[in-house]
Amino acid sequence: MRSTSFTVNNRTYTMPDAPVVVICIDGSEPDYHAEAMKAGRMPWLSSVLAGEGSSWPAHCAMPALTNPNNLSIATGQPSAVHGVCGNYFFDAERGEEVLMNDKRFLRAPTIFAAADDAGLDVVVVTAKDKLRHLLGAGLVEDGPSLDGSGEFVAPTRTGVCFSAEKADMATSARNGIDNVLQLVGKPVPDVYSADLSEFTLAAGVAILKSRGADLMYLSLTDYIQHKHPPGTAAANAFYEMIDSYAAQLDELGAIVALTADHGMSAKTDDNGKAKVLYVEDEVRSILGLDPAARGDEGADGLRVILPITDPYIAHHGALGSFASVYLPAGADRDLLIERLRTLDGIEAAHSREHAARIYSLPADRIGDVVVLAEAGTALGRFPAWHDLTDLDAPLRSHGALGELQVPFIVNRCLPRPDLVDETYGLPACVHNYDAFWVATTLVVQQQSGAASVV
Ligand code: ZN
Ligand code: ZN
């Protein structure tokens with residue numbers, strides 16, 4: 001295993017002489033671990049950062065949503081390359097709005113597929129089942145070919161990929177593993193719970209201990225972060241739990257990288273009431289379109305897509321910070337962009353082409369206009385479209401630049417990379433999607449550099 005290298009999506013990954021585990025803490029605004037450390041609840045992380053660890057400011061990929069960023073971490077590239085630009089999108093080719101959980105939307109092979117093909121033992125555990133087919137493509141089932149042709153082919157070998165949500169249904173044939181509940185020693189967790197993430201981490205530890213792995217990806221859920229701000233009792237308890245599993249992975253000799261798919265912001269006013277800007281209403285008013293036509297998707301040529309929409313809407317009521325607007329023929333796009341930018345709560349509005357360029361998005365899968373809210377504001381379509389009855393805590397959500405900053409921590413001493421070349425957000429040295437490269441190639445480079453000095 002020592003000298004194994006593989007190249008995928010124009011990046012080369014060289015395996016170090018230790019298992020590599022990347023943990024994606026869903027919705028982990030950097031304040032969460034900072035507050036938990038301050039409260040003395042993350043002893044492992046505190047000792048790593050005081051000692052041999054590295055921690056750098058990092059950006060996520062745009063939009064700041066779960067599916068796009070998980071696929072970015074899995075492919076080492078932004079969504080312009082892998083094609084998954086939302087949890088939900090408008091498939092212009094087929095003329096339908098669909099969830100982006102289907103692997104047919106994936107345009108690039110994953111690091112997991114390439115590592116598996118190179119003979120490495122790859123394990124992927126995701127909290128929510130919605131990511132399983134995307135992350136498992138090319139690892140346990142057909143996925144984009146490693147030659148970059150875009151054709152879907154069966155993997156040459158089979159790795160492991162399953163979700164905590166459906167851990168009881170994992171089989172050797174479908175997931176590369178069975179008897180998961182027995183192995184982990186826990187029951188199937190509730191999908192809306194902190195236990196779903198704990199199960200994912202416990203499975204990672206149990207697998208590393210029992211059968212081992214070369215490359216592992218553990219992707220959690222942001223159930224806690226959507227409800228509980230940094231430093232609260234529930235948040236600190238959750239990060240203490242994460243710390244205890246990261247410590248066990250470290251103890252087993254793993255190179256452990258912690259990052260997030262995106263941050264998380266409170267989207268409320270001073271009274272805790274959701275602060276929402278209804279994009280479809282605003283666009284109809286600016287363009288003089290009939291307000292009565294709203295809700296009838298695309299009937300009059302206007303379509304507002306909220307890409308945070310997913311089957312787990314109790315988290316956020318489909319209110320995020322990013323919206324894609326498809327316009328009727330002849331609409332004055334420049335005027336619309338200009339007027340949207342003046343609205344309170346809007347951070348940016350761009351044409352499709354401009355947004356695709358600056359945020360590395362797939363131009364054929366976003367609207368004519370892309371709208372980004374400020375950190376403190378959520379974007380909706382129109383009030384009646386959102387069912388907020390399941391929201392039992394003040395709205396916290398994500399999707400755009402207010403949730404761009406993510407943690408990036410590795411339990412190894414590494415040279416700090418140069419700043420990324422992006423015109424937005426606070427300075428950052430890496431993207432979350434550099435996690436596997438840093439935990440493999442950069443670790444090896446540092447080790448061999450250090451070795452040659454000695
Ligand atoms: Zn997420
Ligand atoms: Zn979320």
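Predicted model: local features only at pLDDT ≥ 70, side-chain atom pairs only at ≥ 80, totals over all residues.
Two residues are in contact if their C-beta atoms, placed from the backbone, lie within 7 Å. Residues are numbered from 1 along each chain as its sequence is written, while chains are lettered from A and ligands numbered from 1 in the order in which they are written.

**Figure 1. The whole chain.** Among contacts between residues at least 6 apart in sequence, 74% join residues at least 24 apart. The chain has 15 helices and 24 strands; helices (H or I, at least four residues) and strands (E, at least two) are DSSP runs, numbered from the N terminus. Its C-alpha atoms fill a box of roughly 70 × 50 × 45 Å along the principal axes. Of the 454 residues, 54% are buried. A residue is buried if 20 or more other C-beta atoms lie within 10 Å of its own, exposed if 12 or fewer, and partly exposed in between, with C-beta atoms placed from the backbone.

**Figure 2. The contact between the two domains.** Domain 1 covers 5–264 + 399–453 and domain 2 covers 276–397, with bounds that come from an automatic or database domain assignment. Their C-alpha centres lie 28 Å apart. Domain 1 brings 31 residues to the contact and domain 2 brings 33 residues. On the side of domain 1 that touches domain 2, helix H4 (79–82), strand S6 (88–91), strand S7 (96–99) and helix H10 (223–227) each supply at least two residues. The largest share of that side, 4 residues, comes from H10. By class, the side has 17 nonpolar, 9 polar and 5 charged residues; Ala, Val, Leu, Ile, Met, Phe, Trp, Tyr, Cys and Pro count as nonpolar, Asp, Glu, Lys and Arg as charged, and the others, Gly among them, as polar.

**Figure 3. The largest nonpolar core.** A nonpolar core is a set of buried Ala, Val, Leu, Ile, Met, Phe, Trp, Tyr and Cys residues joined through C-beta atoms within 7 Å. The largest one has 144 residues, and Val-22, Phe-112 and Val-371 are among those with the most contacts inside it. Helix H9 (residues 195–210) gives the largest share, 8 residues. Both domain 1 and domain 2 give residues to this core, so it lies between them. Residues touched by Val-371 include Val-279, Ala-323, Leu-340 and Leu-379.

**Figure 4. Helix H14 and its buried face.** In H14 (residues 352–359), the buried residues are Arg-352, Ala-355, Ala-356 and Tyr-359. Seen down the helix axis, they fall within an arc of 100°, so they line one face of H14; the arc is that of the directions from the helix axis to the C-beta atoms. These residues pack against H4, strand S18 (346–351) and strand S19 (369–373). Just after H14, Ser-360 takes a positive phi of about 55°.

**Figure 5. Ala-114 in helix H5.** Ala-114 belongs to H5 (residues 111–117). Ala-114 counts as buried because it has 24 C-beta neighbours inside 10 Å. Not counting residues up to four places away in sequence, Ala-114 touches Phe-6, Val-8, Pro-109 and Leu-146.

**Figure 6. Asp-243 in helix H11.** Asp-243 sits in H11 (residues 233–251) and is buried, with 21 other C-beta atoms within 10 Å. Beyond residues up to four places away in sequence, Asp-243 touches Met-42, Pro-43, Trp-44 and Leu-45. The C-alpha atoms of Asp-243 and Ser-360 are separated by 33 Å.
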